[in-house]
Amino acid sequence: MTRMKNEDWHQRWASGNIGFHRSEINPDLVSWFSSTKPWKSSARCLVPLCGKSLDLAWIASQGHSVTGIEFSPIPIQEFFAQQQLTPTTETVHGMIKHHATPFTLYQGDFFESPAAIHERFDWIYDRAAAVAIDPDKRSAYAKILAHFLNDGGKVLLLTYTYDSSRYQGPPFSLPEVEIRTHFSDHFKIQPVSTAAIDGYPFGEGARHVHILEKK
């Protein structure tokens, strides 16, 4: 199994090896959000391992404030440039905070973020963060997600499954049993949809959408 360190992700950004970055808004986000309209327009959203995703701007267009966490400075700088915004910056408990309304992006290690980010959020958008972190960190990851959520808060969790003998990640395959193993202590888990896929980088597999509601 491939192990990814923070520096490995930064190197991918530096070299342009970012096949994981999508050039369009995620259709699962739009479909689920538009059909359920789950939050008031002033809700606060957290996006772990946010990169420079176009989804950040789409969420903001729904009237939500958006906080992201990303290790590499490269996508943070590119995101604000694309949005034609000049953020203020300050260092908070070892993380660099970049802010330009309605976006606040923290540069640093996600697993150290609770010391720097004291806000609580109405919902968390996990586009593919849970499948990017090393599998042995999944329980710690779930605990931090729960820490950041308000009571009754939810996570929109987008994951993949595939034959791990053909491709070992990242993104890592995250089957239902693993979601329940690592997340059920903190969340009620609701499967929403599954769709077959065949493409980058693992070939045949499936894309899954779950809603996790904080207990």
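Helix H5 (138-148) passes helix H6 (176-183) in a right-handed crossing. A crossing is right-handed if the near helix is turned clockwise from the far one by less than a right angle, and left-handed if anticlockwise. Helices (H or I, at least four residues) and strands (E, at least two) are DSSP runs, numbered from the N terminus. This is a predicted model, in which local features need pLDDT of at least 70 and side-chain atom pairs count only at pLDDT 80 or more, while totals for chains, interfaces and linings use all residues. Residues are numbered from 1 along each chain as its sequence is written, and side-chain values use heavy atoms, with hydrogens and water left out.

**Two helix pairs**

The axes below are lines fitted to C-alpha atoms, for helices over the stretch in contact, and angles run from 0 to 180 degrees between N-to-C directions.

| Pair | Axis distance | Angle |
|---|---|---|
| H5 and H6 | 8 Å | about 60° |
| H2 and H3 | within 11 Å | roughly 15° |

The angle between H5 and H6 makes H5 oblique to H6. Angles under 35 degrees count as roughly parallel, over 145 as roughly antiparallel, 65 to 115 as roughly perpendicular and the rest as oblique. On the H5 side, Arg-138, Ser-139, Tyr-141, Ala-142 and Leu-145 meet Glu-178, His-182 and Phe-183 of H6; contact means heavy atoms within 4.5 Å. These residues divide into four nonpolar, two polar and two charged. Here Ala, Val, Leu, Ile, Met, Phe, Trp, Tyr, Cys and Pro count as nonpolar, Asp, Glu, Lys and Arg as charged, and the others, Gly among them, as polar.

H2 (residues 27-36) and H3 (residues 54-61) are roughly parallel to each other. H2 also passes H3 in a right-handed crossing. Leu-29, Val-30, Phe-33 and Ser-34 of H2 make the contact with Asp-55, Trp-58 and Ile-59 of H3. By class, there are five nonpolar, one polar and one charged residues.

**Nonpolar cores**

In soluble globular proteins, nonpolar side chains tend to be buried together. A nonpolar core is a set of buried Ala, Val, Leu, Ile, Met, Phe, Trp, Tyr and Cys residues joined through side-chain atoms within 4.5 Å. Buried means under 20% relative accessible area, exposed over 50%, and partly exposed in between (1.4 Å probe, protein chains only).

The largest nonpolar core has 33 residues, of which Tyr-141, Leu-145, Phe-148, Val-155, Phe-183 and Phe-187 touch the most other members. Its largest share, six residues, comes from H5. Leaving out residues up to four places away in sequence, Phe-183 touches Ala-130, Tyr-141, Ala-142, Leu-145, Ile-189 and Leu-212. Another core, of 24 residues, lies apart from the largest one and includes Ala-43, Ile-59, Tyr-125 and Val-209.

**Two single residues**

Phe-103 is found in strand E5 (residues 103-107). Phe-103 counts as buried because its relative accessibility is 4%. Beyond four places in sequence, its contacts include Leu-56, Ala-57, Phe-79 and His-98. Phe-103 and Leu-56 are 47 residues apart in sequence, and their C-alpha atoms are 8.2 Å apart.

Pro-201 lies in the loop between strand E8 (187-199) and strand E9 (203-214). With a relative accessible area of 24%, Pro-201 is partly exposed.

**The whole chain**

The chain has six helices and nine strands. Of its 215 residues, 47% are buried.
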